[in-house]
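Please look over the sequence and the 3D structure below before reading the notes that follow.

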Amino acid sequence: MNCLECYAEIKVPADAIDGEIVTCNECGSSFELDISETGVLSLKPAESVGEDWGE
Amino acid sequence: MTMKVSMVYDLVRLEEKAIIEAAKKRSEIEFKTFDSKDLYFDLLDGSNANSTFGNVVLQRCASYFRNLHLTAVLEGYGLKVVNDLSSALTTGNKVLSTMALSKANVPTPRTKLAFTEHAALRALEELGYPAIIKPTIGSWGRLVACLNDTDAAKSVIEDREEMFPLYHVYYLQEKVKRPPRDIRAVVVGDRTVAAIYRISTTGDWRTNTARGGRAENLPISKELDELCLRATRPFGRGIYGVDLMESENQGLVVHEVNNTTEFKNVLAQSQVDIPGLIIDFLVDEAKAS
């Protein structure tokens, strides 16, 4: 897959699951992995850290 | 009979991935996952809730407000949510949390509350400097500040006065004299299952590992186990991260009980199968529901 920002290759782990965050090693951008019901992988921009995120 | 259990989330962190892996190993449960960002609800019709989510839902949303409102809806539909709405509300608000701990006689740092700058400054004089100011709702050490003197307090409070009204609720706490570390313990149901020291390493007085603190395994003593169970009891049976400090004057004090706890550092240091124990807990809850 290619980074949506710099087009560098992003290696997606074999055990990756829908919604997992992947990061581009070249430019550091983070993306959310989208896996469709038919298994097609795509990337979408990850949510930025919210003010209410935490535990 | 197969039990239906699900997990709602908004981020797939190491914790969520480990829980999914642990669930896959269990043949007695059908485990589904739902990204809360893709969900929507008819608040007046929950007739499909049970067939969709199953009997028990593990709440793992990192966004506090998403977590709270989603739990309210699922619980409103009659589903068992871990942790439940009451727990999410109370643990998520430091004032409610402190009152619950105090009522249960759990040792906790001296804390004062004020709603205006002048009242906050008077409260701080009584508390003594240095003191800590924390937002009533918030995580990862955000907007937590150490107030070394009146000038620092005035500066921080003046800033807060310009912010959303929630930040005008001044939660002020003594700065506990302690070693440069605190303790994070994980409680699952009726057991304290693992614990770590969180050690300040970056010159930051805060020990949050989200702030760069280092983690080290801590064997669970009888005292730690008992105190953690006492600290979580007021919030109801569930899964919690309990934060404690070793006060020079008071011994162990509980300063926070966390809902939807993160446990990646505890998992790495303790080698305890926390995800497996969480699945065990969900199975028990499903059997009881």
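**Briefing on a predicted two-chain model**

In chain B, strand β9 (residues 181-188) and strand β10 (residues 191-199) run antiparallel and are joined by 8 bridges; two strands are said to pair if DSSP finds at least two bridges between them, and helices (H or I, at least four residues) and strands (E, at least two) are DSSP runs, numbered from the N terminus. This is a predicted model, in which local features need pLDDT of at least 70 and side-chain atom pairs count only at pLDDT 80 or more, while totals for chains, interfaces and linings use all residues. Residues are numbered from 1 along each chain as its sequence is written, and chains are lettered from A and ligands numbered from 1 in the order in which they are written.

**The sheet of chain B**

- Within the pair formed by β9 and β10 of chain B, the residue that stands opposite Val187(B) is Thr192(B), in β10(B).
- Both strands belong to an open sheet of 5 strands with antiparallel pairing, whose order is β11-β10-β9-β12-β13 (chain B).
- The edges of this sheet are β11 (214-217) and β13 (251-258) of chain B, and because each has a single partner strand, one side of each is left without a neighbour in the sheet.
- From one strand to the next the twist averages 30°, where axes are lines fitted to C-alpha atoms, for helices over the stretch in contact, and angles run from 0 to 180 degrees between N-to-C directions.
- Helix α8 (residues 222-232) of chain B packs on the sheet and touches β9, β10, β12 (239-247) and β13 of chain B, while its direction makes about 40° with that of β13(B); two residues are in contact if their C-beta atoms, placed from the backbone, lie within 7 Å.

**The nonpolar cores**

- The largest nonpolar core has 56 residues, and those with the most contacts inside it are Val186(B), Val242(B) and Val254(B); such a core is a set of buried Ala, Val, Leu, Ile, Met, Phe, Trp, Tyr and Cys residues joined through C-beta atoms within 7 Å.
- This core lies between domain 1 (3-89 + 278-288) and domain 3 (177-272) of chain B, because both of them give residues to it; the domain bounds come from an automatic or database domain assignment.
- If neighbours within four places in sequence are left aside, the residues in contact with Val254(B) include Leu101(B), Val106(B), Pro107(B), Leu227(B) and Val242(B).
- There is also a second, separate core of 11 residues, which includes Leu124(B), Ile133(B), Ala153(B) and Leu172(B).

- Chain A has 0 helices and 3 strands, and of its 55 residues 18% count as buried; a residue is buried if 20 or more other C-beta atoms lie within 10 Å of its own, exposed if 12 or fewer, and partly exposed in between, with C-beta atoms placed from the backbone.
- The 3 strands form an open sheet with antiparallel pairing, in the order β1-β2-β3 (chain A).
- At the edges stand β1 (21-23) and β3 (41-45) of chain A, each with a single partner strand, so one side of each is left without a neighbour in the sheet.
- β1(A) pairs with strand β2 (residues 30-35) of chain A over 3 bridges, in the antiparallel sense, and the bridge partner of Val22(A) in β2(A) is Phe31(A).
- The contact between the chains takes 10 residues from chain A and 19 residues from chain B.
- On the side of chain A that touches chain B there are 3 nonpolar, 3 polar and 4 charged residues, where Ala, Val, Leu, Ile, Met, Phe, Trp, Tyr, Cys and Pro count as nonpolar, Asp, Glu, Lys and Arg as charged, and the others, Gly among them, as polar.

**Backbone details in the loops of chain B**

- The peptide bond from Val82(B) to Asn83(B) is cis, with omega near -5°, and Asn83(B) has its place in the loop between β4 (80-82) and α4 (85-91) of chain B.
- Tyr129(B) and Pro130(B) are joined by a cis peptide bond with omega about -5°, and Pro130(B) is found in the loop between α6 (117-127) and β6 (131-134) of chain B.
- Trp140(B), in the loop between β6 and β7 (145-147) of chain B, has phi near 60°, a positive value in a residue other than glycine, and because Trp140(B) has 17 C-beta neighbours inside 10 Å, this residue counts as partly exposed.
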